[in-house]
Amino acid sequence: MTELIAVTKAAVRAAHWHSDQRRKGAAQEPYVNHLLEVAGLVAEATGGEDLNLVIAALLHDSVEDQERTRAEIAAEFGEDVAALVMEVTDDKTLPKAERKALQIHNAPHKSARAAILKLADKTSNLTALALSPPAGWSMQRRADYVQWARDVVAGLPSDNAFLHRRFAEAVAKAERSAV
Ligand code: ZN
């Protein structure tokens, strides 16, 4: 499978798997916009040198949000992609507050590649929060979300300068919109 075929195949899978899902923001963007944004950030952050990480970015919410399985991803895209997706998947059997605390707690133990994916994910989420906050979120709730994202990112073992710059820009935008 050439790289281009693999990545477009993953994009098509992502679009189908998340076809009924919308972002939480008031604009209700199709969820695939988020997946493409994260994949684009990962591709740029790695200079286009890590195909499997870009594929994992496209599929990173498919187990958590769409109940796809690790085995299904491994069968189609290989073990490396499946392992990366699982590394950024929360355990949805746990209450939300616990999952959020665990993300902070587990951040330092991520692999360098998963750390890049998580950094891109948080960057995309904060950019969306700034541009189109969820209806009904108070300023305090927005500010708390920004702080939580910063706490997760602070623990990640990645010094990727491009992503840290993009994350800082997203934080600044989100903080400006939350006052
Ligand atoms: Zn995500």
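Start with the accessibility classes: buried means under 20% relative accessible area, exposed over 50%, and partly exposed in between, with a 1.4 Å probe and protein chains only. This is a predicted model, where local features need pLDDT of at least 70, side-chain atom pairs count only at pLDDT 80 or more, and totals for chains, interfaces and linings use all residues. Residues are numbered from 1 along each chain as its sequence is written, and side-chain values use heavy atoms, with hydrogens and water left out.

**Stop 1: salt bridges**

A salt bridge here is a side-chain nitrogen of Lys or Arg within 4 Å of a carboxyl oxygen of Asp or Glu. The whole structure holds 11 of them.

Select R68 and E72. Their side chains form a salt bridge, at 2.6 Å from N to O. R68 is partly exposed at 26% relative accessibility. E72 is partly exposed too, at 26%.

Next, select R150 and E175. This salt bridge spans 3.0 Å, N to O. E175 sits in helix α10 (residues 161-177) and R150 in helix α9, so the pair ties together parts 25 residues apart in sequence. Helices are DSSP runs (H or I, at least four residues), numbered from the N terminus. E175 is partly exposed at 37%, and R150 is partly exposed at 36%.

Move to R23 and E29. Their closest N and O atoms are 3.3 Å apart, in a salt bridge. E29 is partly exposed, at 28%.

Now pick K9, R13 and E76. These residues are linked in a network of salt bridges.

**Stop 2: a lysine without a salt bridge**

Select K122, in helix α8. K122 is buried but has no salt bridge. The nearest side chain of opposite charge is D121, 4.4 Å away. For such charges, Lys and Arg count as positive and Asp and Glu as negative; His and the chain ends are not counted.

What is K122 in contact with, leaving aside neighbours within four places in sequence? Show Q103, W148, A149, V152, V153 and F167. Contact means heavy atoms within 4.5 Å.

**Stop 3: positive phi**

Select Q28, in the loop between α1 (3-17) and α2. Q28 is not a glycine, yet its phi is positive, about 55 degrees. The residue is partly exposed, with a relative accessible area of 41%.

Then go to E67, in the loop between α4 and α5 (70-77). E67 also has a positive phi of about 55 degrees without being a glycine. At 71% relative accessibility, E67 is exposed.

**Stop 4: the largest pocket**

A pocket is an open set of points on a 1 Å grid over the protein atoms alone, where a 1.4 Å probe fits, with protein on both sides within 12 Å along at least five of seven lines; lining residues have an atom within 4 Å of a point. The largest pocket has about 860 Å³ of space. Of its 34 lining residues, select the closest to the centre: K24, Y31, K96, N125 and Y145.

Colour the helices next. At least two lining residues each come from α2 (31-45), α4 (62-66), α7 (96-106), α8 (112-131) and α9 (139-155). Helix α8 gives the most, with six.

Finish by colouring the lining by type: 17 charged, nine nonpolar and eight polar.

How values were computed. Grid points are joined across faces, edges and corners, and a volume is the space filled by probe spheres set on the points. Ala, Val, Leu, Ile, Met, Phe, Trp, Tyr, Cys and Pro count as nonpolar, Asp, Glu, Lys and Arg as charged, and the others, Gly among them, as polar.
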